[in-house]
Amino acid sequence: MDSLPYFVEGEVVKGFGRGSKQLGIPTANYGQNLVDMLPNGLSNGIYYGFCQVNYGPVHKMVVSIGWNPFYKNEKRSMETHIIQQFDKDFYGSNLKTMTIGFIRDEKNFANVGTPIYVKIERLHYLIYFSPRASTTRDLFVFYSDELIEAIKSDIVTAERQLDLEHNSILKDHNFFSIKR
């Protein structure tokens, strides 16, 4: 991709509230003005890179750029998942992102959280694989989260790519040391 690496700096704004609440995967979102300035060569999809909140430590990230077809967004968005736990929301904070690599195209998903029913005899095989599960009489219910599994896979891919030496050195890029 000719547009990479791509650098963005701006204020974290409140998004749709789906990342943390519905998916359990929080995202930091840029305002529409910054999203509208994304270059044409930066196609919709899932990317990886590094980011920084309020000039603090630099962290790994996965960023989704696009329309999020599952949710039928009317506007393009740029949603950054920082691969780091934070104690609280940081709306209004300064966020710097350096997008350096492409993972996959944006795609639609059939569902989020489709219940699948399995006989109790198979319970011990499945409980390990499903963090959200319940039982109903002789059936065990777990949820097939195609979207969440794809996001988790994207995070693993990003971490692997960002650990490669030619990528990991970018964590020290001077972009992260400049304060506005």
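## Salt bridges, a buried arginine and the nonpolar cores

K152 and E149 lie 3 residues apart in helix α4, which means that about one helical turn separates them. In this predicted model, their side chains form a salt bridge with an N to O distance of 4.0 Å. K152 is partly exposed, at 38% relative accessibility, and E149 is likewise partly exposed, with a relative accessible area of 45%.

The count of salt bridges in the model comes to 3. They are listed below.

| Salt bridge | N to O distance |
|---|---|
| D163 and K60 | 2.5 Å |
| R104 and D154 | 2.8 Å |
| K152 and E149 | 4.0 Å |

The closest N and O atoms of D163 and K60 are 2.5 Å apart. Because D163 belongs to helix α4 (residues 146-163) and K60 to strand β4, this pair ties together parts that are 103 residues apart in sequence. D163 itself is exposed, with a relative accessible area of 52%. The side chains of R104 and D154 also meet in a salt bridge. R104 lies in strand β6 (residues 94-105) and D154 in helix α4, so their pairing ties together parts that are 50 residues apart in sequence. Both R104 and D154 are buried.

R76 presents another case: this residue is buried yet has no salt bridge, and the nearest side chain of opposite charge, E106, is 7.1 Å away. R76 sits in the loop between β4 (58-66) and β5 (77-82). Its side chain reaches the backbone oxygen of L42 at 2.6 Å, and a polar contact of 2.8 Å joins the side chains of R76 and N44. Beyond its neighbours within four places in sequence, R76 is in contact with residues including Q32, V35, L38, I65 and W67.

The largest nonpolar core holds 20 residues, of which Y30, L38, L42, I65, M78 and L95 touch the most other members. Two or more residues each come from β1 (6-13), β2 (28-30), α2 (32-35), β3 (45-53), β4 and β5. A second, separate core of 18 residues includes F50, V58, A158 and F176.

Overall, the chain contains 5 helices and 9 strands, which run β-α-β-α-β-β-β-β-β-α-β-β-α-α from the N terminus. Of its 180 residues, 44% count as buried. Among contacts with a separation of 6 or more, 67% link residues 24 or more positions apart. The chain exposes about 10600 Å², with carbon and sulfur atoms supplying 52% of this area.

Technical notes. Residues are numbered from 1 along each chain as its sequence is written. This is a predicted model: local features need pLDDT of at least 70, side-chain atom pairs count only at pLDDT 80 or more; totals for chains, interfaces and linings use all residues. Side-chain values use heavy atoms; hydrogens and water are left out. Helices (H or I, at least four residues) and strands (E, at least two) are DSSP runs, numbered from the N terminus. Buried means under 20% relative accessible area, exposed over 50%, partly exposed in between (1.4 Å probe, protein chains only). Lys and Arg count as positive and Asp and Glu as negative; His and the chain ends are not counted. A polar contact is a pair of N or O atoms within 3.5 Å; within protein, one must be able to donate a hydrogen and the other to accept it, and residues adjacent in sequence count only if both atoms are side-chain atoms. Contact means heavy atoms within 4.5 Å. A nonpolar core is a set of buried Ala, Val, Leu, Ile, Met, Phe, Trp, Tyr and Cys residues joined through side-chain atoms within 4.5 Å. Accessible areas come from the Shrake-Rupley method with a 1.4 Å probe; for residues, only the protein chains shown count as cover.
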